[in-house]
Amino acid sequence: MMAKFRILVFLTMLAAAVVGYPTDKTEPMNMTRPMNMTRQFPAPNAASRTSSLLVLPQKVTTPYHYWIDPTCVNMIGFPETFYEAREMACAAKRRLASKTDRDFERVFEYVFNAPKNDGTKYQKTDRWKKRNRSGAGKVPLSHVNYIFPGLCDDWSETYTLDNAHLPFICDNGAHFNTPIGIANEYDDLVHGIQGGKYYDPPQTGPTAYTSCGTIKGNQYDGQQQDRCVVTVCDKVYLNPPQGSMGWARTLSAFQQRNSDLSNVQVQMFLGWFPSTTILHEWMHSYPYLLDDRGVGGDPLKAYGWDNIIVKQPAESLLNAENYAFLGLWASLADIRRPDPQQPAQPPSGGYTLRRPDPAQQAAVEQSNREGRLVPYVDITS
Ligand SMILES: [Zn+2]
């Protein structure tokens with residue numbers, strides 16, 4: 001296991017050396033990182049938005065491609081959070097496929113208000129129905145399995161913007177300024193897209209948003225037709241919280257510090273991890289097209305642990321934030337720490353919701369309703 005780990009570190013460092021990525025921020029989060037994931041950007045430079053394919057051999061066998069705009073490559077913190085978002089998707093994919101992961105089954109049931117093996121069929125999202133003819137109902141696991149394995153496996157980076165199904169642009173929406181006089185509507189970088197807005201100053205806007213609307217009859221100019229664009233705003237990295245333990249912006253940073261996350265409320269991560277924001281936005285894009293579906297139709301109640309766990313499956317399965325929480329829990333279960341009682345033993349454990357305990361039913365339910373992280377050395381997988 002250790003040898004495998006060293007090879008993984010070496011490969012990571014090698015990849016980092018090739019693309020000139022700072023190695024001090026590329027430590028693997030755990031030993032179970034899927035081998036098929038490579039971190040390839042940054043490649044485009046600010047001088048040219050159609051970068052050369054000679055920069056790196058590009059895997060082009062995936063059905064979908066993302067583009068990391070130079071504004072994101074140059075945004076401090078973006079590369080590692082983007083990578084962590086992919087890791088969350090892959091962790092969820094792996095745990096969803098498991099027949100023995102009882103801890104993740106419990107998380108699934110809290111997040112979607114339906115057991116993993118529920119046979120009831122639920123409709124797809126409004127965004128999906130608008131774009132696709134069929135909105136036929138699916139069981140909860142089919143809904144979730146459409147999202148995470150796809151996010152993990154079906155995407156690779158393109159260095160040519162025209163090929164991108166999903167450009168990530170980190171400019172607070174400045175790309176929505178139009179050359180044709182329709183202010184804040186036409187995207188002059190990703191043609192044909194509307195629905196964005198330039199936030200200046202960026203503190204006033206959202207952390208990130210996804211635009212998929214197309215201007216009627218507009219030209220695609222040779223770009224991918226099935227595409228959305230994720231705009232990331234500076235706000236996503238502003239004001240990290242000051243806690244007694246010192247709050248990190250990535251799980252891998254917590255892992256490197258051996259931080260004790262026991263009893264932390266999961267909501268903290270959604271608030272302060274840009275990776276969960278990236279994951280959330282990605283799931284709004286084609287082909288997933290998840291909605292923001294608030295409790296009782298209130299769009300503000302689409303977000304936050306308190307809100308997502310009270311939704312019925314007909315809503316929870318449509319709502320991007322519910323899936324972002326599932327991805328986060330999947331990665332939290334992968335965290336490995338040395339046991340302070342047995343420091344000679346290999347790192348173990350991981351965090352999940354509290355397990356059932358007939359003697360303390362009310363306390364267990366309260367802990368889970370509050371989304372508190374509980375460590376278990378024998379976490380299931
Ligand atoms: Zn959203």
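**Entry 1: α3 and α12.** I looked up how α3 meets helix α12 (residues 320-332) in this predicted model, and found that their axes come within 8 Å and cross at roughly 80 degrees. Here axes are lines fitted to C-alpha atoms, for helices over the stretch in contact, and angles run from 0 to 180 degrees between N-to-C directions; helices (H or I, at least four residues) and strands (E, at least two) are DSSP runs, numbered from the N terminus. The two helices are therefore roughly perpendicular to each other, a label given to angles of 65 to 115 degrees. The contact (C-beta atoms, placed from the backbone, within 7 Å) is made by Glu87, Met88, Ala89, Ala91, Ala92 and Arg95 of α3 with Leu326, Gly327, Leu328, Ala330 and Ser331 of α12. By class I noted seven nonpolar, two polar and two charged residues, where Ala, Val, Leu, Ile, Met, Phe, Trp, Tyr, Cys and Pro count as nonpolar, Asp, Glu, Lys and Arg as charged, and the others, Gly among them, as polar.

**Entry 2: conventions.** I number residues from 1 along each chain as its sequence is written. In this predicted model, local features need pLDDT of at least 70 and side-chain atom pairs count only at pLDDT 80 or more, while totals for chains, interfaces and linings use all residues.

**Entry 3: α3 and α9.** I then turned to helix α9 (residues 274-284), which packs against α3 at an angle of about 65 degrees with the axes 8 Å apart. Thr81, Phe82, Glu84, Ala85, Met88 and Ala89 of α3 make this contact with Pro274, Ser275, Ile278, Leu279 and Trp282 of α9, and the residues comprise eight nonpolar, two polar and one charged.

Entry 4: I checked burial next (buried means 20 or more other C-beta atoms within 10 Å of the residue's own, C-beta atoms being placed from the backbone). In α9, 11 of the 11 residues are buried, so the helix is largely enclosed by the rest of the structure. Its cover includes α3, α6 (140-153), β5 (208-211), β7 (229-232), α8 (267-272) and α12.

Entry 5: Leaving aside neighbours within four places in sequence, I find Leu328 in contact with Met88, Val266, Phe269, Leu270 and Thr276.

Conventions
Two residues are in contact if their C-beta atoms, placed from the backbone, lie within 7 Å. Angles under 35 degrees count as roughly parallel, over 145 as roughly antiparallel, 65 to 115 as roughly perpendicular and the rest as oblique. A residue is buried if 20 or more other C-beta atoms lie within 10 Å of its own, exposed if 12 or fewer, and partly exposed in between; C-beta atoms are placed from the backbone.
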